[in-house]
Amino acid sequence: MNQVNESIPQEFILLGFSDRPWLELPLFVVFLVSYILTIFGNLAIILVSYLDPKLHTPMYFFLTNLSLLDLCYTTSTVPQMLVNICSTRKVISYGGCVAQLFIFLALGSTECLLLAVMSFDRFVAICRPLYYSVIMHQRLCLQLAAASWLSGFGNSVLQSTWTLQMPLCGHREVDHFFCEVPALLKLSCVDTTANEAELFFISVLFLLIPVTFILISYGFIVQAVLRIQSAKGRRKAFGTCGSHLIVVSLFYGTAIYMYLQPPSPNSKDRGKMVSLFYGIITPMLNPLIYTLRNKDVKGAFRRLILRIFLIKK
């Protein structure tokens, strides 16, 4: 019993880049600015999608889900990272680490599936426009969103349980900014080959299969768009799909690099930066990508601002 207790530390030390203190101030500024932009950008999309009746469509329903995901996704890690950068003791409690691991895994897995669902929505809208309202009815949208959330949280329960069952034998220095599966597996004092194989298999399910589905969907979409005779219609179709493709490339590209590359001691710092990219930078960029490239969202923002201005008058 004492051995079991000793294998579970009361707290973890999150090393981050503590061996390079000159990086801490620039990182603090980047994290803080990114987090503020993420909060305001995603809240704005949720608010305008809810208040503007013209945005009560499947596309913006899924976009609202994505914004909510990104809000919770960054909030599970960034505040603790900001505190640790400012502190000499860069620690997180065992319970905090477990919660961070579970939430980060759940929301990350959900986003993998939700982006694939969003590509299906674009496929139906462009390749089957006459049947769009029939196929993408409210019930199906709710079912697809619920399936994404439930699958993501189910995956998190499995992976978190497998990871936390590994004996740590007193090791508590996590060479990362937050509690993530690959970093925690490195603390184990037993062979983790089986866990790494399970992680690889699940990563294939939640990363490679959705990416393949997205690429196939966009193959059909490109064919359909090229058949549109109107140049304005082609630009509008490519505009709405282009935003989604940029988000997909940023998120999946960095996640695949992190979870599906062979482990290498030389790439540990690179892995930290990559995880920061899909954990912080991508959620910040999503609202900018969808608003700057989307006339409907920009128009909804203008109408909302005008309504607020008239109320104040």
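## Cysteines and the disulfide

Cys 97 is buried, at a relative accessible area of 2%. Here buried means under 20% relative accessible area, exposed over 50%, and partly exposed in between (1.4 Å probe, protein chains only). Cys 179 is also buried, at 0%. The two form a disulfide, with sulfur atoms 1.9 Å apart; the criterion is a pair of cysteine sulfur atoms within 2.5 Å. Cys 97 lies in helix α5 and Cys 179 in the loop between β3 and α8 (181–185), so the bond ties together parts 82 residues apart in sequence. The S-S torsion is about -120 degrees, so this disulfide is left-handed.

The disulfide count is one. Cys 86 is exposed, at 58% relative accessibility. Cys 127 is buried, at 16%.

## Basis of the model

This is a predicted model: local features need pLDDT of at least 70, side-chain atom pairs count only at pLDDT 80 or more, and totals for chains, interfaces and linings use all residues. Residues are numbered from 1 along each chain as its sequence is written, and side-chain values use heavy atoms, leaving out hydrogens and water.

Helices (H or I, at least four residues) and strands (E, at least two) are DSSP runs, numbered from the N terminus.

## Strands

Strand β1 (residues 11–14) runs antiparallel to strand β2 (residues 91–93), joined by three bridges. Pairing requires at least two DSSP bridges between two strands. Glu 11 sits opposite Ser 93 of β2. β1 also pairs with strand β3 (residues 173–174), in the parallel sense, over two bridges. There, Leu 14 has Val 174 as its bridge partner.

## Core

The largest nonpolar core has 83 residues; Phe 31, Leu 115 and Tyr 252 touch the most other members. Helix α5 (residues 94–127) gives the largest share, 16 residues. Such a core is a set of buried Ala, Val, Leu, Ile, Met, Phe, Trp, Tyr and Cys residues joined through side-chain atoms within 4.5 Å.

## Thr 254

Thr 254 lies in helix α10 (residues 231–259). Thr 254 is buried, at 15% relative accessibility. Its side chain reaches the backbone oxygen of Leu 250 at 2.8 Å. A polar atom of that side chain also lies 3.1 Å from the backbone oxygen of Phe 251.

## Annotated spans

The unreviewed UniProt entry lists several transmembrane regions, including residues 60–78 and 140–158. Residues 60–78 are 89% helix and 0% strand, with end C-alpha atoms 26 Å apart. Residues 140–158 are 100% helix and 0% strand, and their end C-alpha atoms lie 27 Å apart. UniProt positions follow the numbering used here, feature names are shortened, and annotations may be inferred rather than shown by experiment.

Key
Polar contact = N/O pair within 3.5 Å; in protein donor to acceptor, adjacent residues only side chain to side chain.
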